[in-house]
Every structure is written in structure tokens, then in C-alpha cells.
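Please look over the sequence and the structure shown below. The paragraphs that follow lead through the structure step by step.

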Amino acid sequence: MSKKRDILIVIFSTIIFAFLFHREDLGLNLFIFETIFFAWLLYSKRLQFKTRNQITVALAFITTSIATVVTHSVFSYFINYLVLVVFVGLLIYPQVKSLLNAFRISIISFFKSQIFFFESLLSTKVKGKNFGSYIWKFRMFFIPLIIIIIFIAIYSGSNPVFNDLVSSFLSFISESLLAIFKNFDFLVVFTLIVGLVISNFMYIIISNKYIENEDLKATDSLVRVKKSIKRIFSITALKNEYKAGVFLLIVLNVLLLIVNCIDLNIVWFNFQWDGYFLKQFVHEGTYLLILSILISIALVLYFFRANLNFYQNNKLLRVLSNVWIIQNAILTLSVFVRNYRYIDYFALAYKRIGVILFLLLVLYGLYTVFVKVRDKKSAFYLFRVNTYALFIVLVFSSFVNWDGLIAKYNFNNANKSFLHLNYMATLSDKALPHLDKPIEELDELYKIQQEKFPFEEEFMRPFEYRQIINNRKKEFKTEWESKSFLEWNYAEYVAYKALFGY
């Protein structure tokens with residue numbers, strides 16, 4: 001594709017972007033813009049469906065684009081942008097093996113595409129000459145202009161009359177500029193600039209040979225590398241490392257066995273809540289256990305990073321590593337039970353949902369570490385498959401209306417779980433149908449909450465909560481009815497219909 005055609009496509013895309021997004025909130029407009037982009041890729045035959053990654057990422061891009069309209073959440077928009085970055089990486093290098101490498105290629109291309117556009121623009125010929133040459137001719141006036149400004153400053157400081165003349169002239173220029181730009185829409189300029197940057201990124205393809213070659217050479221299986229390493233001690237470095245690994249894993253397995261036994265007893269089977277917030281039990285405890293699991297994975301990767309995989313007498317180390325992985329899986333399940341206990345007493349929230357999704361990925365990560373040890377897989381294999389798993393989980397989770405789910409669950413379980421009205425009142429407009437409760441029901445729930453959770457801390461009372469929700473309903477009605485077609489989204493449409501019925 002020629003540079004001139006690249007520029008025309010980007011300019012056309014920028015104009016469409018400005019039309020769709022100028023003074024408009026995000027909604028259907030993003031889906032339309034991304035649909036045009038996808039249609040262009042199909043028309044120009046730049047989109048390929050030859051590998052699993054290409055098919056997966058293309059479907060993920062379509063799915064998350066639809067999700068932005070269906071759920072209309074910050075999370076869904078973030079995931080859509082993330083998938084777009086990976087998608088562009090696949091367009092640049094369709095044969096990429098790892099989605100992480102596609103992401104890296106895309107990020108570098110983002111910056112290079114901006115430079116490429118302006119370089120191409122300046123080199124475009126106008127009446128037989130480069131456009132840049134016209135700008136370059138004005139360079140000779142820059143230094144004289146600076147000198148003139150310096151002398152005006154000197155003469156103004158030395159001559160009061162001249163200073164008055166200069167001040168009058170500057171005031172005239174200032175008033176003239178204000179008159180010119182009085183009705184100037186700077187938001188249009190900003191929208192055009194953002195549209196140009198995004199269009200450059202999406203339509204201008206710039207490869208990165210270094211990452212492409214790195215990805216091409218990467219393999220899932222480890223290859224034995226013979227090394228000649230001199231050591232002071234008579235025992236080889238590999239044997240020393242093996243012994244150190246065996247010793248470390250024996251001790252750590254014993255320690256983790258004790259921790260798991262304690263968790264099985266206290267967390268799993270004999271849990272008792274003493275009426276406090278469970279902060280140490282869940283917050284600090286959960287985060288520390290997650291950290292220990294990640295360090296545990298790193299330890300196994302360290303010992304099985306190279307030739308120790310091929311050491312003939314490494315059976316004991318493999319057994320200890322597998323036991324270590326299994327014990328960490330049990331620990332992960334214990335963290336899940338802790339989180340479940342917390343949800344059972346204090347209902348749903350973003351972080352608690354995030355912990356569940358993260359733990360699912362950790363369990364899968366532990367399984368892939370087990371496969372790596374068993375089948376002598378490389379670190380590239382771990383990054384590739386776990387990045388893929390993370391990608392799939394994020395794509396599917398972007399389709400869930402989490403605010404609506406949290407509001408519905410928390411009110412439905414308010415007879416046994418803590419109902420934090422302060423938090424509920426902050427959920428988005430999509431959840432308003434589930435947040436809108438009659439004052440009689442709120443008062444009844446408040447009595448139950450007072451008996452079950454006699455905390456010293458004061459929380460929002462039903463009357464105050466009801467006032468906030470009523471005000472939010474009025475604001476939501478006004479905002480929704482003033483939205484244009486381009487700002488339409490399904491989640492708020494459903495909420496509006498549920499609340500007002502028309």
C-alpha cells in the first residue's frame with residue numbers, strides 16, 4: 001500500500017471518528033467505528049483466519065465490541081481496547097505464536113505509526129513538490145523573528161512611549177484573536193487529534209523484526225544446552241543445584257503442609273465468625289497467600305529452567321515439585337473458601353469477584369507448571385498458554401453486567417449477608433432497577449441488618465439511601481432522554497424500560 005493511500009485512509013477514518021464521537025458519550029458510536037474498521041480489513045483482504053490466534057482474537061474483537069454496547073461498563077471498554085491492541089498486533093504479524101508478543105508489537109507500532117504518518121504527510125507532493133518543502137522554506141524567518149522580538153523587548157523597556165505603542169498593539173491582537181476564537185470549538189480539534197492518533201494506530205501497519213524473529217525462534221519444548229562451567233568445588237554445579245532444590249522443596253512442603261492442615265481445619269470445616277470484619281482473615285491473609293503461590297510458581301520455574309530438566313537422577317526433585325504444585329493448588333482452594341466466606345457474610349463487590357477470576361487463572365497456571373515439569377516445556381510455553389487463558393477470561397467477563405449482578409445478589413441475600421448501602425448507592429445507572437427498593441422493604445432489611453451485624457460504625461440509613469436513589473433516577477431519566485442515537489447502549493436502555501416502562 002502506498003504512503004499516499006495510507007494518508008487518505010487515515011484522514012477519512014479521522015473524519016468518521018470526529019463525526020461519531022464529537023460531543024457524544026461512548027455507546028453505539030464505538031461499535032459503529034470498529035465495525036467500519038473490521039469491514040475495511042475484510043474488503044482490503046488484510047484480515048486472515050489461518051491460525052488459532054487469528055481466529056480467536058478476531059472473534060474476541062467482535063465480541064468485546066458488542067459487549068461495550070450490551071454492558072456499557074468501564075471494564076468492557078477497557079477490555080475492548082486491550083483486545084484491539086492485540087488484534088492490531090496480529091494484523092502486523094499474523095504468524096505470531098504468543099498473544100503477549102502480539103501486544104508488544106502493537107504497542108511499539110502505536111508510536112511508530114504516528115511518526116510514519118507525519119513523515120509521509122511531509123513527503124507528499126503538492127504541485128510537483130513535497131509538502132514538507134513548503135514548510136521548510138519558512139525556516140529562514142524563525143531566527144529573524146526571534147531577534148525582532150528581543151529588540152522590541154529592549155526598546156519597550158527603554159522608551160515608555162514605545163512601550164505604550166507595543167502594549168496597544170498587543171491588546172489589539174489579543175482582542176482580535178479572542179473575537180476570532182470566541183465561537184471556535186476546541187473540542188472538535190481535540191476529537192480530531194484523538195481520532196488521528198487512533199486511526200494511525202489502526203490503519204498504518206509497521207512491523208518489528210526483532211520481536212518477530214524472537215517469536216519465530218521460540219518453542220514450547222526445552223532444548224538441552226551443554227555448558228562447560230568451572231567451579232571451585234569438586235561437585236558439579238548441576239548436582240549442587242539439584243541438592244539445594246531437594247532440600248528447599250522438602251522444607252517448604254513440610255511448612256505448606258502445616259499451613260494447609262490449619263486451613264482445612266479452621267477455614268474449610270470448623271469456621272466460626274466472631275462478629276468482626278474478617279479483614280485479617282480475608283484481606284491481608286488472602287493477598288499474602290496469593291503472593292506465596294506466585295513465589296511458589298517462580299521457585300519451580302527457577303529449578304526447571306534449563307539443564308536440570310535433563311539431569312538423570314532428578315526424579316526426587318520432580319516428585320517434590322509435583323507435591324509442591326498440588327499443595328499450592330490446595331492453598332489456592334483455601335483462598336477461594338476464604339473469599340467465599342467473606343462473600344457469604346459481606347456480599348459481593350468488585351474485588352471479591354476479581355479474586356475468584358484470579359484464582360481460576362492461578363489454578364490453570366499451576367496445572368501448566370505441572371505440565372512444564374512433566375513434559376520439559378519452556379518458559380515461552382507458560383507465557384503463551386497463560387496469556388491465552390487470561391485473554392479468554394477477560395473477553396468473557398466483559399460481557400457480564402457486574403453492577404447489576406452485584407446489586408441483585410446483595411439485596412437478595414440481605415437477610416444473611418451485610419448490605420452496605422453506602423457502597424450500593426455508588427453502583428452505576430445500569431443497576432438502578434435492582435437498587436430501587438421501596439422504603440418499607442429498606443426499613444425491614446435495616447432491622448435485620450441491625451440484629452445480625454451490630455457494628456459500632458455508622459452506615460447509611462434507608463431514608464438517606466432512598467433519597468439518593470430517587471435523585472439518581474431523575475438524573476438518569478433526563479440524561480437518557482437527551483442521549484442521541486450514537487450514545488445508545490443496551491444496558492441503560494433495559495434499565496430505563498424497567499424503571500419507567502416507556
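The relative accessibility of Ala-347 is 1%, so this residue counts as buried, the limit for that term being under 20%. The structure is a predicted model, and every value given here is computed from it. Ala-347 is located in the loop between H13 and H14. Its phi is near 65°, a positive value in a residue other than glycine.

Two packed helices are described by the angle between their axes and the distance between the axes. For helix H13 (residues 315-346) and helix H14 (residues 350-375), the axes come within 10 Å and cross at roughly 170°. Angles over 145 degrees count as roughly antiparallel, and H13 and H14 are therefore roughly antiparallel to each other. The residues of the contact between H13 and H14 comprise 17 nonpolar, four polar and three charged ones.

The nonpolar interior is the next topic. In soluble globular proteins, nonpolar side chains tend to be buried together. In this model the largest nonpolar core has 46 residues, and those with the most contacts inside it are Phe-37, Phe-87 and Phe-391. Among the elements that give two or more residues to this core are helix H1 (3-21), H2, H3, helix H5 (99-123), helix H9 (186-203) and helix H15 (379-397). Helix H4 (74-92) also belongs to that group, and H4 gives the most to this core, with eleven residues.

Aromatic rings form a further part of the picture. The count of aromatic pairs comes to 23. One of these pairs is formed by Phe-38 and Phe-61, whose rings are stacked, with 6.3 Å from centre to centre and 25° between the planes. Phe-38 belongs to helix H2 (residues 28-43) and Phe-61 to helix H3 (residues 52-70), so that the pair links distant parts of the chain, 23 residues apart. Phe-38 has 13% relative accessibility and counts as buried; Phe-61, at 1%, counts as buried as well.

How are the rings of Tyr-350 and Tyr-423 arranged? Their centres are 6.2 Å apart and their planes stand at 75°, so this pair is edge-to-face. Here too the pair links distant parts of the chain, with Tyr-350 in helix H14 and Tyr-423 in helix H17 (residues 421-424), 73 residues apart. Tyr-350 counts as partly exposed, at 43% relative accessibility. Elsewhere, one aromatic cluster is formed by Phe-37, Phe-38, Phe-61, Phe-87 and Tyr-203.

Arg-52 lies over the face of Tyr-388, 4.3 Å from the ring centre. The charged end of Lys-377 is placed over the ring of Tyr-381, at 5.4 Å from its centre.

Val-69 counts as buried, at 9% relative accessibility. Asn-260, in helix H11 (residues 237-269), is 70 residues from Ile-330 in sequence and 7.2 Å from it in space, C-alpha to C-alpha. Asn-260 counts as buried, at 3% relative accessibility.

Key. Residues numbered from 1 in each chain as written. Predicted model: local features only at pLDDT ≥ 70, side-chain atom pairs only at ≥ 80, totals over all residues. Heavy atoms only, no water. Axes fitted to C-alpha atoms, helices over the stretch in contact; angles between N-to-C directions. Helix = DSSP H or I, 4+ residues; strand = E, 2+ residues; numbered from the N terminus. Parallel < 35°, antiparallel > 145°, perpendicular 65-115°, else oblique. Nonpolar A, V, L, I, M, F, W, Y, C, P; charged D, E, K, R; others polar. Phe/Tyr/Trp six-rings, centres within 6.5 Å; stacked < 30°, edge-to-face > 60°. Buried < 20%, exposed > 50% of the residue type's maximum accessible area, 1.4 Å probe, protein only. Lys NZ or Arg CZ within 6 Å of the ring centre and 35° of its normal. Core = buried A, V, L, I, M, F, W, Y, C linked by side-chain atoms within 4.5 Å.
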